[in-house]
Amino acid sequence: MSDDNTRGYHDIGGLAGGPIDRSGHDVTLSETRVDAIMMLLGDDERRLMRVDELRRAIESLGEDAYTGLSYYQRWIAAIANIMVEKGVLSRAEIDRRIAEITARAAA
Amino acid sequence: MTARFAAGDRVRVHDRHPPGHVRTPFYIRGHGGVIERVCGEFRNPETLAYGAAGLPRSTLYRVRFRQTEVWPDYAGAGADTVDVEISERWLDPA
């Protein structure tokens, strides 16, 4: 078998995973919105994104992002990267909007 | 396109580690099992992941593996199995 350094950081099947967290949590509004964004981007009208692209983008975030971000944080980071990759949005546009929203929230 | 394998056939998963998006789990690569069912034809997730059309379609199979074959230190029952859905692109006859 090949060595483990060829294994993606997401490809954890069979590895020790530590104790199982059995606590439940309600989905937050922002998580629901991320899910809705993904549904809308992939619908027949837009066809801007596929689940396969989402997965590939998540697998490309880097190990620190993968372990440090929550499930839906990984989704939205991956979605943003794919939108920039496809030229739907520019990184500058995203940064500008984040700055506007942050300023408004701080005011 | 006709399916290369049928339920009951013995198969072995390729021991490959290509770059990019792969749906065949690392832990099952190189292992041998039996076709449990033919799942149908699907586009290729490895190329869909990069915005391509994912064609041509290829047959997907549910493959059943013995846990004692997959894990060298498996401590559960000898009859235990794990089913993994694997594309024909990743299978050879065993």
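**From Arg7(A) into two chains**

Leaving aside its neighbours within four places in sequence, Arg7(A) touches Ile12(A), Gly13(A), Leu15(A), Phe26(B) and Tyr27(B). The model is predicted. Arg7(A) belongs to the segment before helix 1 (29–41) of chain A. Its relative accessible area is 17%. Buried means under 20%, so Arg7(A) counts as buried. Glu63(A) is 56 residues away from Arg7(A) along the chain, and the C-alpha atoms of the two are separated by 12 Å.

Two of those contacts, Phe26(B) and Tyr27(B), carry the chain letter B. That leads to the interface. The size of an interface is often given as the accessible area lost when the parts come together. Here the area buried between chain B and chain A is about 1,400 Å². Carbon and sulfur atoms give 51% of that area. On the chain B side, His21(B), Phe26(B) and Leu48(B) lose the most area to chain A. Together they account for 37% of what that side buries. The contact takes 15 residues from chain A and 18 residues from chain B.

Now follow chain B into its sheet. This is an open sheet of 5 strands, paired antiparallel, in the order 4-3-2-1-5. Which strands stand at the edges? They are strand 4 (81–87) and strand 5 (91–93) of chain B. Each has a single partner strand, so one side of each is left without a neighbour in the sheet. Neighbouring strands are turned by 40° against each other on average, direction ignored.

Take the pairings one by one. Strand 1 (residues 10–13) of chain B runs antiparallel to strand 2 (residues 32–42) of chain B, and 3 bridges join them. Strand 2 of chain B is also joined to strand 3 (residues 58–66) of chain B, again antiparallel, by 7 bridges. In strand 3 of chain B, its bridge partner is Arg64(B). Val38(B) has Tyr61(B) of strand 3 as a bridge partner. In a regular strand the side chains alternate between the two faces of the sheet.

Next come the aromatic rings. A pair of aromatic rings is described by the distance of the centres and the angle of the planes. Over all chains, the count comes to 6 aromatic pairs. In one pair, Tyr71(A) and Trp75(A), the ring centres are 5.6 Å apart and the planes stand at 40°, so the pair is tilted. These two residues are 4 residues apart in helix 4 (residues 71–85) of chain A, so about one helical turn separates them. Tyr71(A) is partly exposed, with a relative accessible area of 47%. Trp75(A) is buried, at 14% relative accessibility.

The rings of Phe5(B) and Tyr61(B) have centres 5.6 Å apart and planes at 70°, so the pair is edge-to-face. Phe5(B) lies in the segment before strand 1 of chain B, and Tyr61(B) lies in strand 3 of chain B, so the pair ties together parts that are 56 residues apart in sequence. Both Phe5(B) and Tyr61(B) are buried.

Back in chain A, Tyr71(A) and Trp75(A) form one aromatic cluster with Tyr72(A).

Charges meet rings as well. Arg74(A) lies over the face of Tyr66(A), 4.5 Å from the ring centre. In chain B, the charged end of Arg16(B) sits over the ring of Trp90(B), at 4.0 Å from its centre.

Notes: Residues are numbered from 1 along each chain as its sequence is written. Chains are lettered from A and ligands numbered from 1 in the order in which they are written. This is a predicted model: local features need pLDDT of at least 70, side-chain atom pairs count only at pLDDT 80 or more; totals for chains, interfaces and linings use all residues. Side-chain values use heavy atoms; hydrogens and water are left out. Two strands pair if DSSP finds at least two bridges between them. Axes are lines fitted to C-alpha atoms, for helices over the stretch in contact, and angles run from 0 to 180 degrees between N-to-C directions. Rings of Phe, Tyr and Trp (its six-membered ring) pair if their centres lie within 6.5 Å; planes under 30 degrees apart count as stacked, over 60 as edge-to-face and the rest as tilted. Buried means under 20% relative accessible area, exposed over 50%, partly exposed in between (1.4 Å probe, protein chains only). A charge sits over a ring if NZ of Lys or CZ of Arg is within 6 Å of the ring centre and within 35 degrees of the ring normal. Contact means heavy atoms within 4.5 Å. Buried area is the accessible area (1.4 Å probe) that two parts lose on being put together, summed over both.
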